[in-house]
Amino acid sequence: MQIADKYNPQETEQKWYNYWIDNKYFHSTPDDRPPYTIVIPPPNVTGILHMGHMLNNTIQDVLVRRARMQGFNACWVPGTDHASIATEAKVVAKLKEQEISKADIGREEFLKHAWDWTHQYGGTILEQLKKLGCSCDWDRTRFTMEDNLSKSVIKVFVDLYNKGLIYRGYKMINWDPEAKTNISDEEVIFKEQQGKLFYLKYKIQGSEDFVTVATTRPETIFGDVAVCVNPNDERYHALKGKKLIVPIVNREIPIIEDEYVDIEFGTGALKITPAHDLNDYEIGKKHDLPIIDSMDNDANLNDHGLHYAGKNRFVVRKEIVKELDEKGLLLKAEDYTNKVGTSERTGAVIEPKISVQWFLKMATLAKPALDVVMEDEVKFYPEKFKNTYRHWMENVHDWNISRQLWWGQQIPAFYYGTGENDFVVAETIEEALVLAKQKTNNQQLTIVDLRQDEDALDTWFSSWLWPISVFEGILEPNNKDINYYYPTSDLVTGPDIIFFWVARMVMAGLEYRNEIPFKNVYFTGIVRDKQRRKMSKSLGNSPDPIELIDKYGADGVRVGILLSSAAGNDLLFDEDLMLQGRNFATKIWNAFKLTQTWTKDVNIKANDADTQAINWFEQQLAKSILEMEDHFSKFRISDALHVLYKLIWDDFCSWYLEAVKPNYGEAISQEVYDKTISCFEELMKLLHPFMPFLSEEVWHIISDRSIDEALIITQQKKVDGFDEALISKFDFAKEVISGVRNYRQSKGISPREEVEIFTNSSEFANQAVILKLANLREIHFSQKTDKPSFSFLVGATECAIPLSENLDLGEEKEKTEEEIKYLKGFLISVEKKLSNEKFIAGAPQQVVDNELKKQRDAMDKIAILEEKLKTL
């Protein structure tokens, strides 16, 4: 096949992706091969590809493609998450543009709009993953809101409720006033904010005296029900039993005592607002205080806010401070830095709120899920994340699983009355009616009398079942797929969802399959810019991955992003890495193109240089394969790529091809050519997981391949060991050649000009390769030269090249003297260190040995240069 002058990713990528899809190479069904399974961390259905997705999915694809080429039945299940908060917010915003209110159209009509939105935008990110080359089994694509996955969620809810693990409770929750829903503790992000600490005057009833109370939130005084002091605080002993007047509100409240109050903080007097602070809520329960909720769901003041009713909490904060000051009720205001809880999804400042919600008890689920990670049944890479996991699992709170949203699985609780416990939990309303009749002993109840809970379940309550539900393991616990593919093999995800998702999947797996959901978890780092800022659309520092693919090719982008992504460490994105990836593709293409220009001759036998190069490269290849396997076993994907990069760029292109390349105008031995192409094929097998498009293209140019011979399903070479001595001898040859090349370069000698070497060695291994690549006329073994020469050491072997007659010997003498002077100065500094008894006694032996080696090397080099100086 004719090979193009330049590799064209745009032409190649779509061609081969279509070929892979058409021939169902990505599709997996259970068979007698060992399975290798990955479930994709489902991106938001409304999302588009960003740099984090790019890194995460490239790693997954490398693992899946490699497994496929190692004899595994590889199955990568794709899909998307309904993303309740994010999607509902987008649909609400779209309706608002059309002047339509969610509340006005009702649940059923709203869900039609949500499904329309999902169908319109839902497939975008999956289509973008195809451009990256992701080899997902697209026939298995799942969506967390599709019928069977929703049925799985509901079934699990009912089961956990019946086990006594799910309950309905009246608790303080985290209210997101922008999304109009509560969120779990894990979804609250604490951010440092500069604010003020306001010192307010609470007058003592029947007196002109006052107690000063410090607060960062003066807008919450409308919900104040007490002021609390520490019983050990002598400043307030005289006030025991007295009442205070809430500023502006003019309501009487008691002074109470509790050791919770920090005597040292603020004034030692704490306003208690149970409806708007978690700690205040706990104190309120303990002291049986009333609860006054002064804010609505939009975080605007309600009627309790008096003349501020209808105004936003932050507007009120500014205005009330002004009123307090005018009325002489503000003592002072100080600059204050505190951590404010914000919503992970919307960024809105969280408003603590008392609410009836649904909770899942976590303690009993957490214990076995902690054990399997601590005992390495589920292995974390890097291992450091085990401590993070352990800390959370040992301090786990009950999971708030209800959300005040419509987009999501509707909670299967059905109410038949107004009492606190007038409800039943069932998978369908028909089953609920049966239960309600039993519970009430009222056979006259009908479906019309039942009202389903309005709330939807937390998105994570569907995705925690993902490794099971994608294989129908909840609805059909013994089906062929779940029994074959579960537990899955590896999970690739970010450490930021270790609690949201990873921990909960382990819990669900143990609860519903009595098995771990995956064997390994690989935590990627966060993609950051050069200033170490997390890449985000809001900062404008995140490039469009699709534009990068168009510019550098998918293979170039994959290599670029992997070269700097060590496991668990943040990746500092640099577009130059993409350029490096594209240059690597060009290097491979040009190397292959070079081999296709050679004329083959069956009558020519392999010469000594050819044989030495072939023997060496076969061992170097075997060594690299084993190194890559070791890196993959430890999830050091970037390190594995670096090994392959060096093998191709340095070992194969720079050394092997140069060693076997025929002289200009001459033919190459057919035998050597065939060996070279065989090596190239092995390299393409290793390269394919990283650069699937380029490698498949070259594979098919090398030879016409049938559908059963495509590279994507070709098995990688397996090796048991390698000849280290043979590699070491060739490394020696490379150093000799590099020494000669250094001489030519430093002295301006043409590569075509033959030179000779004098050496104290009796022989050189790989002599034929040295003669050819160093362009040597002759090697004089066990001989010295009296001529002025360029000398260098390879280990203990001395090499001397007589200087060209064209060189200026005076200049050479001056350079040699400067080099001797430098080395003697360096030697003095080393010997000074070695003569220091404290250094010798305190330094590790390896450090001392390194210094001794520096001493020997410097002395050897000085001796050679002084001999050279004599000849000059």
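Trainee: What does buried mean here, and what share of the 872 residues of the protein count as buried?

Mentor: A residue is called buried when its relative accessible area is under 20%, exposed when that value is over 50%, and partly exposed in between. The model is a predicted one, and its accessible surface comes to about 40,200 Å², of which 48% belongs to carbon and sulfur atoms. Of the 872 residues of the protein, the share that counts as buried is 53%.

Trainee: Which radius of gyration does the protein have, beside that of a compact globule of 872 residues?

Mentor: Along its principal axes the C-alpha trace spans about 115 × 70 × 50 Å, and the chain is built with 27 helices and 31 strands. A compact globule of 872 residues would have a radius of gyration near 29 Å, but for the protein the value is 37 Å.

Trainee: How many Å apart are the end C-alpha atoms of helix H15, and what span should its 15 residues have?

Mentor: Helix H15 covers residues 498-512, and at 1.5 Å a residue its 15 residues should span 21 Å.

Trainee: Is H15 mostly covered or mostly uncovered, and how many of its residues are buried?

Mentor: H15 is mostly covered, and its buried residues include Phe500, Trp501, Met505 and Leu510, with Arg504 also among them. Just after the helix, Asn514 takes a positive phi of about 55°. Of the 15 residues in H15, the number buried is 12.

Trainee: In the salt bridge of Arg235 and Asp233, which residue is buried?

Mentor: The two side chains meet with N to O at 2.7 Å, one of 55 salt bridges that the structure holds. Arg235 has a relative accessibility of 48%, and therefore counts as partly exposed. With a relative accessible area of 4%, the buried residue is Asp233.

Trainee: Are Lys634 and Asp630, by contrast, buried or partly exposed?

Mentor: Lys634 forms a salt bridge with Asp630, and their closest N and O atoms are 3.0 Å apart. Lys634 has 37% relative accessibility, while Asp630 has a relative accessible area of 32%. Because both values lie between the cut-offs of 20% and 50%, Lys634 and Asp630 both count as partly exposed.

Trainee: Which helices are linked by the salt bridge of Glu851 with Lys833?

Mentor: The closest N and O atoms of Glu851 and Lys833 are 3.8 Å apart. The pair links distant parts of the chain, 18 residues apart, with Glu851 in helix H27 (residues 845-871) and Lys833 in helix H25 (residues 809-834). Glu851 counts as buried at 6% relative accessibility, whereas Lys833 counts as partly exposed at 36%. The linked helices are therefore H27 and H25.

Trainee: Which residues do salt bridges that share partners join into one network?

Mentor: Side chains of opposite charge can pair when their charged atoms come close. Here, shared partners join several such pairs into one network, whose members are Arg217, Glu219, Arg313, Arg317 and Glu351.

Trainee: In the open sheet of 4 strands, which are the edge strands?

Mentor: The sheet has the order E6-E5-E14-E16, and its pairing is antiparallel. Strand E14 (residues 351-360) pairs with E16 over 2 bridges, and Leu360 stands opposite Trp399 in E16. Each edge strand pairs on one side only, and these strands are E6 (181-183) and E16 (399-400).

Technical notes. Residues are numbered from 1 along each chain as its sequence is written. This is a predicted model: local features need pLDDT of at least 70, side-chain atom pairs count only at pLDDT 80 or more; totals for chains, interfaces and linings use all residues. Side-chain values use heavy atoms; hydrogens and water are left out. The expected span of a helix is 1.5 Å times one less than its number of residues. Buried means under 20% relative accessible area, exposed over 50%, partly exposed in between (1.4 Å probe, protein chains only). A salt bridge is a side-chain nitrogen of Lys or Arg within 4 Å of a carboxyl oxygen of Asp or Glu. Two strands pair if DSSP finds at least two bridges between them. The radius of gyration is taken over C-alpha atoms; the globule rule is 2.2 Å times the number of residues to the power 0.38. Accessible areas come from the Shrake-Rupley method with a 1.4 Å probe; for residues, only the protein chains shown count as cover.
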